[in-house]
Amino acid sequence: MSETIKTDVLIIGAGPVGLFAVFELGLLDIKTHLVDILDKVGGQCAELYPEKPIYDIPGIPYITGHGLTDALMEQIKPFKPEFHLNEMVTKIENVGDPLYHLTTDGGKTFECKVVVIAAGGGSFQPKRPPINGIEPYENKSVHYAVRKMDAFRDKRLLIVGGGDSALDWTLNLQPIAKRLTLVHRRDDFRGAPDSVNKMRALVAAGGMDLKIGQVSELEGADGQLSAVNIKGNDGAPARVEVDAMLPFFGLTMKLGPVANWGLAMDDELIQVDVSTFESNLPGIFAVGDINTYPGKLKLILSGFHEVALMAQKAHHYVHPEKKLVFQYTTSSTSLQKKLGVA
Ligand SMILES: Cc1cc2nc3c(=O)[nH]c(=O)nc-3n(C[C@H](O)[C@H](O)[C@H](O)COP(=O)(O)OP(=O)(O)OC[C@H]3O[C@@H](n4cnc5c(N)ncnc54)[C@H](O)[C@@H]3O)c2cc1C
């Protein structure tokens, strides 16, 4: 396990609300780290609707999910937030008054005075493919994410799927794999055309194999795959010897570990005090889609309002000795200095 990272505030979730929390906390001299399960920032905006237009961000008549994420990243740059992507916060322990110790599934540990849960609809988790007997192999030789590419060096790999993740990992892992086979149920790919062309060129050059069909059976022992049987669309069976299989069948949202953290919840949402967005546990706040209160609307603009109020109370925990003075960014030279514009 690596050394414990100390920070004022740990934000769980780098969706739009978690990102804007960095801004509001940064204005109050509060340092942040963010953890997200995904390999990118932006939460639902980046994962579910990057190209769709959003019409109800105040002052911005039209912006895509991707565009909003980029704009938020630009806006929070002055505060130098540190990101820990591809990591899921699994455990929160209270070790002080308030002082929290957090652990991720990747083995990272954090210590902070304040936790901001901006976990949206919960954790994005991979969809399990409909293959009998896959469970004993999961996280041993069947992987739904690539955390360290080097773990797949010189291995015989089978990637399953036809979207961007399957194609991107095919192109990234092919140079280091001993042999790579891509399996998709039809000879038509949803991924970016450029990636499809690159993959087909590799197949034509003999650098990898492409099989059109579905995985029908796994062979192996003690969680270690040895071969995969594929039922071809033409009816012909094929057997491919493999060391690891990586299925990319998309993501689904589940509440995940948030349910085990001792928080007062209502229908899988965290109850909060609407004047501070603090949960029932002092120093743990919940903002954005993950919280509930009378009249709550799951809108990005609601989350933006919530983080502004949250930051005021968080300041009391992080800088108890300092008096908080309300200031506008338009007129406060001190805030403008923090933003690097004065
Ligand atoms: C198709 C679609 C269209 C939409 N259109 C609009 C619109 O027009 N206007 C609008 O205002 N809203 C819209 N929304 C809703 C909007 O996207 C959400 O309100 C917003 O994304 C909530 O932001 P958030 O930061 O709270 O959560 P999210 O965007 O859900 O981000 C939460 C993040 O937390 C991470 N996470 C969860 N648990 C953990 C954990 N244990 N450890 C680490 N990371 C964790 C997740 O991986 C995720 O990235 C739309 C939603 C959808 C699906």
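Q: Which strands does helix H4 lie across?
A: This is a predicted model, and in it H4 (residues 164–173) lies across strand E10 (156–160), strand E11 (179–184) and E15. H4 runs at about 160° to E10.

Q: In what order do the strands of that open sheet come?
A: Read them off as E14-E13-E12-E11-E10-E15, six strands with mixed pairing. Strand E14 (237–241) and strand E15 (244–247) stand at the edges, each with a single partner strand, so one side of each has no neighbour in the sheet. On average, neighbouring strands here are turned by 35° against each other, direction ignored.

Q: In which sense do E12 and E13 pair?
A: Antiparallel: E12 (residues 209–221) and E13 (residues 224–232) are joined over eight bridges. For a spot to look at, find Leu218, which stands opposite Val228 in E13.

Q: Now a helix. How far apart are the end C-alpha atoms of H1?
A: Start with the general idea: an α-helix has 3.6 residues a turn, so residues three or four places apart point the same way. Now the case here: at 1.5 Å a residue, the twelve residues of H1 (residues 16–27) should span 16 Å, and the end C-alpha atoms are 17 Å apart, which agrees.

Q: Is H1 mostly covered or mostly uncovered?
A: Mostly covered, as twelve of its twelve residues are buried. Among them are Pro16, Phe20, Glu24 and Leu27. After H1 comes Asp29, with a positive phi near 60°.

Q: And how many disulfides does the structure hold?
A: A disulfide is a covalent bond between the sulfur atoms of two cysteines. This structure holds zero. Cys45 is buried at 1% relative accessible area, and Cys112 is buried at 1% too.

Key:
Residues are numbered from 1 along each chain as its sequence is written. This is a predicted model: local features need pLDDT of at least 70, side-chain atom pairs count only at pLDDT 80 or more; totals for chains, interfaces and linings use all residues. Side-chain values use heavy atoms; hydrogens and water are left out. A disulfide is a pair of cysteine sulfur atoms within 2.5 Å. Buried means under 20% relative accessible area, exposed over 50%, partly exposed in between (1.4 Å probe, protein chains only). Helices (H or I, at least four residues) and strands (E, at least two) are DSSP runs, numbered from the N terminus. The expected span of a helix is 1.5 Å times one less than its number of residues. Two strands pair if DSSP finds at least two bridges between them. Axes are lines fitted to C-alpha atoms, for helices over the stretch in contact, and angles run from 0 to 180 degrees between N-to-C directions. Contact means heavy atoms within 4.5 Å.
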